2 protein chains.
Amino acid sequence: MEQEFSSRLLEEAVTHFSRLPGVGRKTALRLALHLLRQDESVAAGLGNAIINMRSGIRYCRVCHNISEHEVCAICASPMRDDRTVCVVESVKDVMIFENTGQYMGLYHVLGGVISPIDGIGPDKLEIDSLVERVRSGVVDEVILALSATMEGDTTNYYIYRRLEDTGVKVTQLSRGVSVGNEIEYTDEITLGRSLLNRTLFMNAD
Amino acid sequence: MEQEFSSRLLEEAVTHFSRLPGVGRKTALRLALHLLRQDESVAAGLGNAIINMRSGIRYCRVCHNISEHEVCAICASPMRDDRTVCVVESVKDVMIFENTGQYMGLYHVLGGVISPIDGIGPDKLEIDSLVERVRSGVVDEVILALSATMEGDTTNYYIYRRLEDTGVKVTQLSRGVSVGNEIEYTDEITLGRSLLNRTLFMNAD
C-alpha cells in the first residue's frame, strides 16, 4: 500500500478519507490530491474544523439535540413554546423541521426508532427521558414526528402507551398526498389515509 | 446559516467539507453527522491526516512527483533505470503507471498539458526543467505519456521540438484498440491508427 502511493502521508490521508460513508479509495485519492494542490490553509481549515467539531459538540441535556452548551440554543430560547415537544428520530430531523420555519415548540431526539431486527429496543432510545420530561415539566402536547414506516409506527405506539397515564395530548404528523405529487403515483395506503382524513376544502392550506 | 445548524462548529465543518470537489452541502452534512456519531479518535485521525499530509508532502526536485524528501523514492531508487524518463501530466498518472508494474524507468511530472483556452502555456509546465534534465543527465529516451487529446498532442509536439537538438530518443505510447474493447464500439480514428501501426501477430502481447 505504501508503495502504491510513494508517500506514507498521502496513504494515511487516503485511508482516513475512505472510512467516510460513500467514499471509496478512488474518491479518497481524488480528495487528497485536490487538497495537495490547494494552499496549506485549506487543508488546515478542513482538518481543524473536523477535530474541533467532534471535540466541541455535545448533546443537550434536555432534548439530546447537538449543542455547544449543556442546554441547546432551542431549549434555552425564551422565544420557543416549551409546552409543545416534537419527538424526532435524529439530529438531522431537527434541522429539517427547523428549516420549515413552521414550528416554534421544542424537540426530543430519540436517537432512532424501535427495530428488533437491528437490536434496537426502547431502552436504547431516549424514551425514558421523554416520559420523565413530560412528567416533571410543563409539556401539554407531544407531537410524534417519526418516519411513516412500520418501525416508526411501532415506536409511536410504544411512546403513546408510555405517555397514556400522564394526561399529555399525543398527536402525530398528518399522513396524505405529498404536496406536488400526482394521484397516479401515490400509493393506495396513502390515498386511503388521505380520504379518511380529508379536510374541509377552504381550511386546507 | 448558523441558525440552520444550531452549532457554529458543525456549520464550520460542513462549510469546509463542501469546498471539496464533488461534495455538496447535503453530503458535507452527512459526513459531519457521521463523524459526530463515531469515537473522537476517528475525527482526530482524519483531521490530523489531512493537516500532516498537506504540511509534510513536497515535490521531488528532479521529477516533480510528490515526495516526503527533496528527491522522491522513485528518483532515489538504485533499482530504477535512470536513462529512461516517462513524461506524464500529473502525480496521479505516476501512480497509474506504477500500478501497471511494467515500468522501471523514471518520471517527469509536467503539471498539466498546454491549453491556451485555459491560459496554460509551456511556461506554466515543467518543460524547461525537462529539457535541462535531458541536457545535463544520462537520459537516452523520453517517453511521452500524455492524454490522447488535442492538448496532449500539442504538448507532445512542443516537447519533441524542444528536445530535437539534444539527440535524445523521443517515443510515445502506442495508440490502438483498448484491450477488452469491441471493434464495434471503437472510434474510427483509433481504428485507423491501429491499422497503420499494426504489429506482427506473434509479437503482440
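Student: Which residue stands opposite D81(B) in β4(B)?

Tutor: Strand β3 (residues 81-88) of chain B and β4(B) pair in the parallel sense over 5 bridges; two strands pair if DSSP finds at least two bridges between them. Strands (E, at least two residues) and helices (H or I, at least four residues) are DSSP runs, numbered from the N terminus. In β4(B), the residue opposite D81(B) is G105(B).

Student: What pLDDT do local features need in this predicted model?

Tutor: Residues are numbered from 1 along each chain as its sequence is written, while chains are lettered from A and ligands numbered from 1 in the order in which they are written. The model is predicted: totals for chains, interfaces and linings use all residues, side-chain atom pairs count only at pLDDT 80 or more, and local features need pLDDT of at least 70.

Student: In what order do the 4 strands of the open sheet in chain B lie?

Tutor: The pairing in this open sheet of 4 strands in chain B is parallel, and the order is β4-β3-β5-β6. Its edge strands, each pairing on one side only, are β4 (105-109) and β6 (169-172) of chain B. On average, neighbouring strands are turned by 25 degrees against each other, direction ignored. To repeat the order asked for, the strands run β4-β3-β5-β6.

Student: Which residues is C86(B) in contact with, leaving aside its neighbours within four places in sequence?

Tutor: C86(B) is found in strand β3 of chain B. It counts as buried because it has 21 C-beta neighbours inside 10 Å (20 or more other C-beta atoms within 10 Å make a residue buried, 12 or fewer exposed, and numbers in between partly exposed, with C-beta atoms placed from the backbone). Two residues are in contact if their C-beta atoms, placed from the backbone, lie within 7 Å. Apart from those sequence neighbours, the contacts of C86(B) are F97(B), Y103(B), G105(B), Y107(B), I143(B) and A145(B).

Student: Which helix of chain A gives the largest share of the side that touches chain B?

Tutor: Between the chains, 45 residues of chain A are in contact with 47 residues of chain B. On the side of chain A that touches chain B, at least two residues each come from α1 (2-5), α2 (8-17), α3 (25-37), α4 (40-56), β2 (66-67), α5 (73-76) and α6 (91-100) of chain A. The largest share, 15 residues, comes from α4(A).

Student: Is α2(A) roughly parallel or roughly antiparallel to α4(B)?

Tutor: Two packed helices are described by the angle between their axes and the distance between the axes. Here the axes of α2(A) and helix α4 (residues 40-56) of chain B come within 8 Å and cross at roughly 150 degrees (axes are lines fitted to C-alpha atoms, for helices over the stretch in contact, and angles run from 0 to 180 degrees between N-to-C directions). Angles under 35 degrees count as roughly parallel, over 145 as roughly antiparallel, 65 to 115 as roughly perpendicular and the rest as oblique. The crossing angle therefore makes the two helices roughly antiparallel.

Student: Which residues of α4(B) meet α2(A)?

Tutor: The crossing of α2(A) and α4(B) is left-handed (the near helix is turned anticlockwise from the far one by less than a right angle; clockwise would be right-handed). From α2(A) come L9(A), L10(A), E12(A), A13(A) and H16(A). From α4(B), the residues that meet them are G45(B), L46(B), A49(B), I50(B), N52(B), M53(B) and G56(B).

Student: How many of the 10 residues of α2(B) are buried?

Tutor: Helix α2 (residues 8-17) of chain B packs against helix α3 (residues 25-37) of chain B at an angle of about 125 degrees, with their axes 8 Å apart. That angle makes α2(B) oblique to α3(B). The buried residues of α2(B) are L9(B), L10(B), E12(B), A13(B), V14(B), H16(B) and F17(B). This helix is largely enclosed by the rest of the structure, because the number of buried residues is 7.

Student: What phi does H64(A) have?

Tutor: H64(A) is found in the loop between β1 (58-59) and β2 of chain A, and with 23 C-beta neighbours inside 10 Å it counts as buried. Most residues other than glycine have a negative phi. H64(A) is not a glycine, yet its phi is positive, at about 70 degrees.
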